[in-house]
Amino acid sequence: MIAAAPEQRVLKRIDDLAERWSFYSILTGAVVAGWITGAALMLIVALDMAFAFGSAGRLVLVIAWGLVSIAAFLLLMVRPLRAMRTRAAMARRLEGIFPQLGSSLINSVQLAEQRHTGSPALRSAEKVALDSAPRQLTWRQRYRRHMHTPRDLVLALAICGLLAVVGGVCHLMFPAWPNAVYRLFHPTHFIPAMGSARIVSVDPGDADLFSGSPLTIAAVLENPSAKQYDGELVIVADDNSERRLGLVPSEHNDRYAITLPKVTDPFTYRLEVGGTQTEHHRISIFDRPAVESISASYRYPQYLARAEETVDLPDG
């Protein structure tokens, strides 16, 4: 016997609602996971701008961001995909939301599926606005029951758009923002940080120097307001350990310099002024030329019939 029309309609409504709610739960979850990923990225970019982490610190931040992103997509998108509800499970949820349905709706659904017969519970369910169930739940309850609606999707998209606007504003207001993003995704390379100072040039840059000679290293700034910054010379050893020496500003704070009175070993260095870093430069050391010995060669005229002679001359 084929089930009566009202019961059949209720079963179809349950199936349609379950499919629709699952669909919007998956979409909403994907969007929410997206803006969680974006917000986490903005957070670690801000942290790197504030603290200028080294390679190890940036690597930790990127790994943490990746784990948060993966967890967000697993919990908010993949979980609803794996938790597609059967008709009976959806009936059980509807019973919890609409007390007037009693506790027999799930049994009636199962009997209708097995015997194709109707029941009073199914006929009474036809009078209930089942599609209003999500409105009686909080967002957290809708998330746990995978019962999101188009309204949830629109709200998630609005938050995503708001985060995009915030990211655009940060990009415009903070010139160092793109630099910090680039630094984060190249954690194994040294990428100079961009701070508030604008370094125009580095003197001498890469250079060759005689051993024992003095050396002046300077950063030239574009600083029309003559704002004073903190500046340092960072000497990087071969084992990547660093030694920092303070830079002395000029009268108009447009040149920060330091003089090393005697340089005997090669080294790599960079300058940091106002949070802005330069590229690494290399100072190579050469020994001064010195006379170790003097010799003289004698070439005689042919008529003397004497061979060429070379003799060492004494010092002095």
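1. Basis. The model is predicted: local features need pLDDT of at least 70, side-chain atom pairs count only at pLDDT 80 or more, and totals for chains, interfaces and linings use all residues. Residues are numbered from 1 along each chain as its sequence is written, and side-chain values use heavy atoms, with hydrogens and water left out.

2. Overall make-up. The protein chain has 8 helices and 12 strands; helices (H or I, at least four residues) and strands (E, at least two) are DSSP runs numbered from the N terminus. Of its 316 residues, 37% count as buried, where buried means under 20% relative accessible area, exposed over 50%, and partly exposed in between (1.4 Å probe, protein chains only). The chain exposes about 19,000 Å², and carbon and sulfur atoms supply 59% of that area. Accessible areas come from the Shrake-Rupley method with a 1.4 Å probe; for residues, only the protein chains shown count as cover. Among contacts (heavy atoms within 4.5 Å) with a separation of 6 or more, 66% join residues 24 or more positions apart.

3. Largest nonpolar core. A nonpolar core is a set of buried Ala, Val, Leu, Ile, Met, Phe, Trp, Tyr and Cys residues joined through side-chain atoms within 4.5 Å. The largest one holds 23 residues, of which Ile 217, Leu 233, Phe 267 and Val 273 touch the most other members. Two or more residues each come from β1 (199-203), β2 (207-210), β3 (213-221), β4 (231-236), β7 (255-263), β8 (267-273) and β10 (281-286). Apart from this core lies another, of 11 residues, including Ala 40, Leu 61, Val 62 and Trp 65.

4. Phe 267 and Pro 204. Leaving aside neighbours within four places in sequence, Phe 267 is in contact with Leu 215, Ile 217, Ile 235, Leu 260, His 281, Arg 282 and Ile 283. Pro 204 sits in the loop between β1 and β2 and counts as partly exposed, at 29% relative accessibility. With neighbours within four places again left out, Pro 204 is in contact with Leu 215, Thr 216, Ile 217, Tyr 269 and Ile 283. Pro 204 and Ile 283 are 79 residues apart in sequence, and their C-alpha atoms are 9.0 Å apart in space.

5. Helix α7 covers residues 150-173. Its 24 residues should span 34 Å at 1.5 Å a residue, and the end C-alpha atoms are 34 Å apart, which agrees; the expected span is 1.5 Å times one less than the number of residues. The buried residues of α7 are Asp 152, Leu 153, Ala 156, Gly 167 and Cys 170. Asp 152 has a relative accessible area of 4%. Beyond its neighbours within four places in sequence, Asp 152 is in contact with Thr 28, Trp 139, Arg 142 and Met 147.

6. Helix α7, surface. Met 49, Val 165, Val 169, Leu 172, Met 173 and Phe 174 form a nonpolar patch on the surface, with about 590 Å² of accessible area together. Patches are made of residues with over 30% relative accessible area and no salt bridge; like charges are joined within 9 Å and nonpolar side chains (Val, Leu, Ile, Met, Phe, Trp, Tyr) within 5 Å. The largest share of this patch, 4 residues, comes from α7. Leu 172, in α7, is exposed at 73% relative accessible area.

7. Salt bridges. A salt bridge is a side-chain nitrogen of Lys or Arg within 4 Å of a carboxyl oxygen of Asp or Glu; by this rule there are 9. Asp 48 and Arg 183 form one of them (3.0 Å, N to O). Asp 48 lies in helix α1 (residues 5-51) and Arg 183 in helix α8 (residues 176-184), so the pair ties together parts 135 residues apart in sequence. Both residues, Asp 48 and Arg 183, are buried.

8. Other charged pairs. Glu 308 and Arg 299 meet in a salt bridge (3.3 Å, N to O); Glu 308 is partly exposed at 46% relative accessibility, whereas Arg 299 is exposed at 68%. Arg 306 pairs with Glu 309 (3.1 Å, N to O), and here Arg 306 is partly exposed at 44% and Glu 309 partly exposed at 31%. A network of salt bridges links Glu 232, Glu 242, Arg 244, Arg 270 and Glu 272.
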